[in-house]
Amino acid sequence: MPQPTSVILGIESSCDETSVAVVRDGHEILANLVSSQVEVHRRFGGVVPEVASRQHILTLNPLMAEALEAAGVGFGDLTAIAGTHAPGLLGALLVGLVGAKSAAWALGIPFVGVHHLAAHIWANVIADRSLPLPFLCLLVSGGHTALVRVDGPRAFATLGETIDDAVGEAYDKTARLLDLPYPGGPHLDRLAAEGDPRAFAFPRALLHEPGFRFSLSGLKTAVRKAVEKQRLAGLPVPVADVAASFQAAVVDVLVAKTIAAAEAEGLTTVALAGGVAANRALRQSLQAACEARGWRLSLPPLDLCTDNAAMIAGLAHAMLATGEPDALWLPPHPRLALPSAPA
Ligand code: KG4
Ligand code: ZN
């Protein structure tokens, strides 16, 4: 049965990006504006939560007006408002969430609270409506690293997570060690392409352990020790080689565990999600591994991989198609497991 047209305004404010998007019928992105605070936080070498909240307050209303204008729709055309309610920085979440609820209340339309990580994963479905469910998703962002079985817009099963640092965090910390600017992921990615991935034998933690847990803090320490050794010996740090060796260690583990998890679950559709999904080596390596098995791999476009509100509005559409809107008292949560209702 065809669903009636939905025009959903989504708001994302869980970390250091304010984003507002307008999405029609869950797939057609009419506007997806992102206002990054990276410059504001750069001098601190990471995101300062209170500064992030205040910046969201300044940005949100003008960005909503801009997004509606870019989408060519008015408030009266909207059928629902969605906002990220978890996980993330509490104050930052609160700003976007209050904005979303207030707009929904004022317009008398449904409000949907969206899980940020579920939305990262759902970016794959938004970009490709033919993507078959269930699929296995490797979620790699600045704050999270997980292998997730996806059965529906409200049904996610976490098969394994990192026990310490997230992959993006490991990239950012390693980049900082090498005196690269924040956020370091893209810089390391670029440098790695020029280096020798076999120059340093960095550890592949938990690679041969059963289960799908990840550990990245040992790798970060190994890189620090290698860099210190060079510096103490008065030798220049071969930055590109360190970057390439670090990246090879990360990608080896991520790809091996993803393939093993898909096999264990009997899934032949694999997807990548989160900011680190922009990483070229990871995309290439996963592509090769899936191709070799005749599996389908979904790689969302880069603007849907990093934090954005189109993923929030798109998932809200699918959630409304399979369940009820949320009450206006839905609270923000800094930490919250993925929704896991039966599909
Ligand atoms: O998903 P995201 O935009 O924000 C979170 O929800 O965390 O992910 C941001 C993370 C940062 O750690 C950034 O360094 C990393 O994604 N990142 C990359 C690349 N582009 C962004 N890491 C490795 N290679 C990249 N090309
Ligand atoms: Zn994110």
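Start by selecting Pro 183, in the loop between helix 5 and helix 6. Helices here are DSSP runs of H or I with at least four residues, strands are E runs of at least two, and both are numbered from the N terminus. The model is predicted: local features need pLDDT of at least 70, side-chain atom pairs count only at pLDDT 80 or more, and totals for chains, interfaces and linings use all residues. Residues are numbered from 1 along each chain as its sequence is written, chains are lettered from A and ligands numbered from 1 in the order in which they are written, and side-chain values use heavy atoms, with hydrogens and water left out.

**The loop between helix 5 and helix 6**

A cis peptide bond joins Tyr 182 to Pro 183, with omega about -10 degrees. Now pick Asp 179, in the loop between helix 5 and helix 6. Its phi is positive, near 60 degrees, in a residue other than glycine. Most residues other than glycine have a negative phi, and most peptide bonds are trans. Asp 179 is exposed, because its relative accessible area is 63%. The classes are: buried under 20% relative accessible area, exposed over 50%, partly exposed in between (1.4 Å probe, protein chains only).

**Ligand 1**

Select ligand 1 and its shell. It has 19 residues around it, and the closest are Gly 142, Asp 172, Asp 189, Gly 275 and Asn 279. A residue belongs here if one of its heavy atoms lies within 4 Å. Helix 4 (116–127), helix 5 (167–177) and helix 6 (185–192) each supply at least two shell residues.

- Asp 189: a polar side-chain atom, 2.8 Å from a nitrogen atom of ligand 1.
- Gly 275: a backbone N or O atom, 2.9 Å from an oxygen atom of ligand 1.
- Asn 279: a polar side-chain atom, 2.9 Å from a nitrogen atom of ligand 1.

**Leu 282**

Move to Leu 282 in helix 9 (residues 280–293). Buried or exposed? Leu 282 counts as buried, because its relative accessibility is 1%. Leaving out residues up to four places away in sequence, Leu 282 touches Leu 138, Val 140, Val 251, Leu 254, Val 255, Leu 272 and Val 276. Contact means heavy atoms within 4.5 Å.

Select His 115 in strand 5. His 115 is buried, because its relative accessible area is 4%. Its contacts beyond four places in sequence include His 85, Ala 86, Pro 87 and Leu 338. Follow two of those: a cis peptide bond joins Ala 86 and Pro 87, with omega about -25 degrees. Pro 87 is in the loop between strand 4 and helix 3.

**Helix 3**

Go on to helix 3. Its 18 residues (90–107) should span 26 Å at 1.5 Å a residue, and its end C-alpha atoms are 26 Å apart, so the two agree. The expected span is 1.5 Å times one less than the number of residues. Buried residues include Leu 93, Val 95, Leu 97 and Lys 101. Among their cover are strand 1 (7–12), helix 2 (49–71), strand 4 (80–86) and strand 5 (111–115). Finish at Gly 108, which follows helix 3 and has a positive phi, near 70 degrees.

Note on methods
Polar contact = N/O pair within 3.5 Å; in protein donor to acceptor, adjacent residues only side chain to side chain.
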